[in-house]
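Have a look first, then read on.

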Amino acid sequence: MMGKLRDIQSFVKQMAEALATELEFEILVIDDELNLIADTKRLEVTAQEVFPQGCLTDQMLDGGSYVIVEDPMLYPACQNCPNRNHCREKAAIVYPIRVEGHTIGTLGLCARSTAQRERLLRKVDQLSKVVDHLSVMLGKMINEKEASERAIVTAKQLETVINTIHEGIIAVDRAGRVERINNSAAQFLFINGPEITGAPITEIFPGLSLEKSELLHSGNQQNFNFNFRSRKKTIQLMGNVT
């Protein structure tokens, strides 16, 4: 789970800037390697900026819920922070960002002036809901990104397996158009796989009877097994309609 927020750092920065402008507070995002991902008080954030061990984010990585820091100089979890005497925050609402139950960083709404601190404490319930919602949204976004990447890897692995099978395989959609054809089928039928993809199944089997052609893309779940004669060859077609 390490460093997941860096994969979407550009988006996180844009979101933080928009939120800071709307709420008139600063937004601080730190990942589970204690890298600074976004700080709306600063124009640029470099990859070398790392928070020290013992900071609030470091402590929140082990679990726990959100924290409301009314005064960093008095808050118990801040007492051993190496930055305590140089902390720029006068108050903060900090929520963990979680993916599949693991904390991958924190999202903090920070007051860096006396006026901001007073407003934060006055509206703490309302602001907490906003920070909570955004931390959950970031977690879901990363989870969806990882799921999409896993699906791509799985599809590539499946494609590799299909292309190593000696039997010819042709996948047809409900409209009767070719979705996938493996190398064995393309070579056996003397056709170009990429070129035939998207074409009607009858372009591969032009003499296919209307009844059997409709069977292949009927959408009714059933098995089929019949012979088709093409170019002086008899081809056995077997499959399943789902």
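**Aromatic pair and the rest of the fold**

Y66 comes out partly exposed at 38% relative accessibility (buried is under 20% relative accessible area, exposed over 50%, partly exposed in between, with a 1.4 Å probe and protein chains only). Keep in mind that this is a predicted model, where local features need pLDDT of at least 70, side-chain atom pairs count only at pLDDT 80 or more, and totals for chains, interfaces and linings use all residues. Residues are numbered from 1 along each chain as its sequence is written, and side-chain values use heavy atoms, with hydrogens and water left out.

**Aromatics**
- A search of the whole structure turns up 1 aromatic pair (rings of Phe, Tyr and Trp, the last by its six-membered ring, pair if their centres lie within 6.5 Å; planes under 30 degrees apart are stacked, over 60 edge-to-face, the rest tilted).
- The ring centres of Y66 and Y95 sit 4.6 Å apart with the planes at 5°, so this pair is stacked.
- Y66 belongs to the loop between α2 (56-60) and β3, while Y95 is in strand β4, so the pair ties together parts 29 residues apart in sequence (helices are DSSP runs of H or I with at least four residues, strands runs of E with at least two, numbered from the N terminus).
- Y95 is buried, at a relative accessible area of 8%.

**The five-stranded sheet**
- The order β2-β1-β5-β4-β3 describes an open sheet of 5 strands with antiparallel pairing (two strands pair if DSSP finds at least two bridges between them).
- β2 (36-39) and β3 (67-69) are at the edges with a single partner strand each, so one side of each has no neighbour in the sheet.
- From one strand to the next, the twist averages 15° (axes are lines fitted to C-alpha atoms, for helices over the stretch in contact, and angles run from 0 to 180 degrees between N-to-C directions).
- Strands β4 (residues 91-99) and β5 (residues 102-111) run antiparallel and are joined by 9 bridges; V94 stands opposite G108 in β5.
- Helix α1 (residues 9-23) packs on the sheet and touches β1 (26-31), β2 and β5, with its direction at about 30° to that of β2 (contact means heavy atoms within 4.5 Å).
- Helix α3 (residues 114-122) also packs on the sheet, touching β1, β4 and β5, and its direction makes about 120° with that of β5.

**A separate hairpin**
- Strands β6 (residues 170-172) and β7 (residues 178-181) pair in the antiparallel sense over 3 bridges, and I170 has I181 in β7 as its bridge partner.
- The hairpin has 5 residues between its strands, and G176 takes a positive phi near 80° there.

**Cysteines and R84**
- The count is 0 disulfides (a disulfide is a pair of cysteine sulfur atoms within 2.5 Å).
- For C78, the closest cysteine sulfur is in C81 at 6.5 Å, too far for a bond; C78 is buried at 12% relative accessibility.
- C87 is in no disulfide either, with the nearest cysteine sulfur, that of C78, 6.6 Å away; C87 is partly exposed at 36% relative accessibility.
- R84 lies in the loop between β3 and β4 and is partly exposed, at a relative accessible area of 22%.
- Leaving out residues up to four places away in sequence, R84 touches P72, M73, C78 and Q79.

**Confidence**
- The protein chain has a mean pLDDT of 81, and 81% of its residues reach 70 or more (pLDDT is the predictor's confidence in each residue, from 0 to 100).
- Among the elements of the protein chain, α3 has the highest mean pLDDT (94) and helix α7 (residues 210-216) the lowest (52).
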